[in-house]
Amino acid sequence: MRRPRRWPAGGESLFMKGGTGLPFPPEFLRELNDRNPLEDVAASYVNLRRRGKNLVGLCPFHNEKTPSFCIYPENNSFYCFGCNKGGDVIAFIMGVENLDFAEAVKFLAQRAGMALPEEGADLSLSRLRARILEINREAGRFYFHVLSSPQGKPGLDYFRSRGLDAKTIRHFGLGYAPDDGFALTNHLRDKGYTVEELVQSDMVRLSQKGNPYDRYRGRVMFPIFDLRGNVVAFGGRILTDEKPKYINTADTPVYHKSSGLFAMNFAKNAGTRQLILAEGYMDVIALHRAGFTNAIASLGTALTEEQARIIRRYADEAVLCYDSDEAGRRATQRAIPILKNAGLLVRVITVPGNKDPDEFFRSDPRDGPLRFKRLIEQSGNDTEYRLQTLREKYDLSTDDGKKRYLREAVEQVLGPLRDPMERDLYAGRLSEETGVGKESILASAKRAASLQAKQRRREEVRSQQQIAAARTVANPEKGRRMRAALAEEGVLAYLFRHQDKAKALQEALPPENFVTQWGRRVYTLLLGKTIHGEISLSDLAGELTGEELSEMTRILAEHRDVPPTWEDVEGYGNILRQEGAFSSPQAIQGASQEDLRRYLEQLRSQK
């Protein structure tokens, strides 16, 4: 009797049990903030440099070349002036790790070695995410054990035909989905999971009659782990000629394919700041078996900006090793600018004989690893690869071929180069190849660069306009009540900085004087909390949306260098009383003669 294999260590990592109820006690959140300085937490994701008493770096939430992401240690907050995201250390972890509030709190509590307070009522989303992670882990175990049973023989035969041994199968947690269509569904329902939970996990689909059935049938299974070792998704390969060959988990509450990277949980610990990007699961597994444990894949989708930003956290250099066919070349050309915009150095490997890495190592198991290492060392950078790809399109023995080659090389490759020395170098190489003067090629490249720079500036202006418009999302009335909204922001900044003045401020400027609904609500929330003791941004996180917390952080950031005084607040109060006094016909109809007289006197005094 064959002994069942153990589920790999990656699937046994720390797993959250349900969700912690909200609100967390204010004292706990304050201690959590104190023990997780944002500058220390963010340093694992962003290269930071000090600017005065603050820190700046490239934003981890959007692509940028000029740092606009700022950390303010004085109140443990961040704000990006490029994409408008902001908040405290909890908001940062929510965004960068794709967690909800309760999970981010648990993440930081674990980091600081803090015990969580006793659980209250579960958050529905947090509990659902926890249940889906449990379902995925149980499904992974099920597929893994099926592989070594008689039902799994087709899958085991397939893996053995691809050269995989038991150690590799266990390391990656590979498995097999039975062909009957209900085995996993019945197994998971016997474990107590509801049909709704199974459908939400995308492990189960519903028939037209509403009956649940297995999403994966007759496929070898590749579990996908997140960076913490949780099983978040699966890829399944059919063993017949049916289409599609591969199917993958759709987006779920625990998985977004735009950010998923196969084997990143292993590659991030490879001890190198270089990552190899391959196309498929088997290519990555072959690379790991050959000793290249820094290999990853982008899970059946074209590389995304989000994936590139994750890669940048763990690497300075990306080596593209896609297939040599036309589809692979297109994928390489598309991936190069995405990786470069994320701040990565890019190199490209072309595997000899139009082979993929899996075929390469299987054709030469003894010397393959050494030969592949040489391929990496000898690989050209992205500029050389793009020129080579263009060169192969044209016959350079003809004048027409040279002209078309030069035109595309100048417009697509040399023009976008920002470094004049690099542009000069490749202009010289093009001159040698074609016999056209270097100065002529450089002049054309400079014209192309100028046109592209103008296009970039137009796009930047458009982007800035979109960002400016987005800044009113949290407070939609700001666009038409700008004067009042800016005065409200000054009051909010003063109150947050001088929380001991809450009672005096409430008497001098009650909430009903605020003009915009958003400003009035946040002011009321701040007054209610600060009157009972000092608060931090984390105390607001459970009651403000992400956009609202970002808006509050922006307000604090913009008033940091010149903080409002009590005299400023008095001025803001006058503006709000003027703006809000008779802002609607109903207010005028309900006003007394004395109210109207005072309002008219205020208007005259402004002239």
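R334 is partly exposed, with a relative accessible area of 44%; in this scheme buried means under 20% relative accessible area, exposed over 50%, and partly exposed in between (1.4 Å probe, protein chains only). The structure is a predicted model, in which local features need pLDDT of at least 70 and side-chain atom pairs count only at pLDDT 80 or more, while totals for chains, interfaces and linings use all residues. Residues are numbered from 1 along each chain as its sequence is written, and side-chain values use heavy atoms, with hydrogens and water left out.

R334 is placed in helix α13. Helices (H or I, at least four residues) and strands (E, at least two) are DSSP runs, numbered from the N terminus. When residues up to four places away in sequence are not counted, R334 touches A302 and L303, where contact means heavy atoms within 4.5 Å. R334 and A302 are 32 residues apart along the chain, and their C-alpha atoms are separated by 8.2 Å. The side chain of R334 also reaches the backbone oxygen of L303 at 2.7 Å. A polar contact is a pair of N or O atoms within 3.5 Å; within protein, one must be able to donate a hydrogen and the other to accept it, and residues adjacent in sequence count only if both atoms are side-chain atoms.

Over the chain as a whole, the secondary structure comes to 27 helices and 16 strands. Of the 607 residues in the chain, 51% are buried. Among contacts with a separation of 6 or more, 66% are between residues 24 or more positions apart. The chain exposes about 29,500 Å², and carbon and sulfur atoms supply 49% of this area. Accessible areas come from the Shrake-Rupley method with a 1.4 Å probe; for residues, only the protein chains shown count as cover.

Rolling a probe the size of a water molecule over the atoms shows where empty space is left. On a 1 Å grid over the protein atoms alone, a cavity is a set of points where a 1.4 Å probe fits but cannot get out, and lining residues have an atom within 4 Å of a point. Grid points are joined across faces, edges and corners, and a volume is the space filled by probe spheres set on the points. By this rule there are three cavities of 30 Å³ or more. The largest cavity has a volume of about 100 Å³. Its lining consists of 13 residues, of which D323, S324, R329, T350 and Y385 lie nearest the centre of the cavity. The elements that give two or more residues to this lining are α13 (326-341) and α16 (382-391). By class, the lining of the largest cavity has four nonpolar, six polar and three charged residues; Ala, Val, Leu, Ile, Met, Phe, Trp, Tyr, Cys and Pro count as nonpolar, Asp, Glu, Lys and Arg as charged, and the others, Gly among them, as polar.

R347 is found in strand β15 (residues 345-348). With a relative accessible area of 19%, R347 is buried. The side chains of R347 and S379 are joined by a polar contact of 3.2 Å. Beyond four places in sequence, the residues that R347 touches include Q274, E317, L320, I376 and N381.

T249 lies in the loop between β11 (246-248) and α10 (264-267). T249 counts as buried because its relative accessibility is 2%. Leaving aside neighbours within four places in sequence, T249 is in contact with S201, D202, R215, Y216, A233, F234 and Y255. The side chain of T249 reaches the backbone nitrogen of F234 at 2.8 Å.

D202, one of the contacts of T249, is in the loop between α9 (195-200) and β7 (204-206). D202 has a phi near 65°, a positive value in a residue other than glycine, and at 6% relative accessibility D202 counts as buried. A positive phi, near 75°, is also found at N84, likewise a residue other than glycine. N84 lies in the loop between β4 (77-80) and β5 (86-88) and, at 11% relative accessibility, counts as buried. The peptide bond from K243 to P244 is cis, with omega near 0°; P244 is in the loop between β10 (231-238) and β11.

Methods. On a 1 Å grid over the protein atoms alone, a cavity is a set of points where a 1.4 Å probe fits but cannot get out, and a pocket is an open set with protein on both sides within 12 Å along at least five of seven lines; lining residues have an atom within 4 Å of a point.
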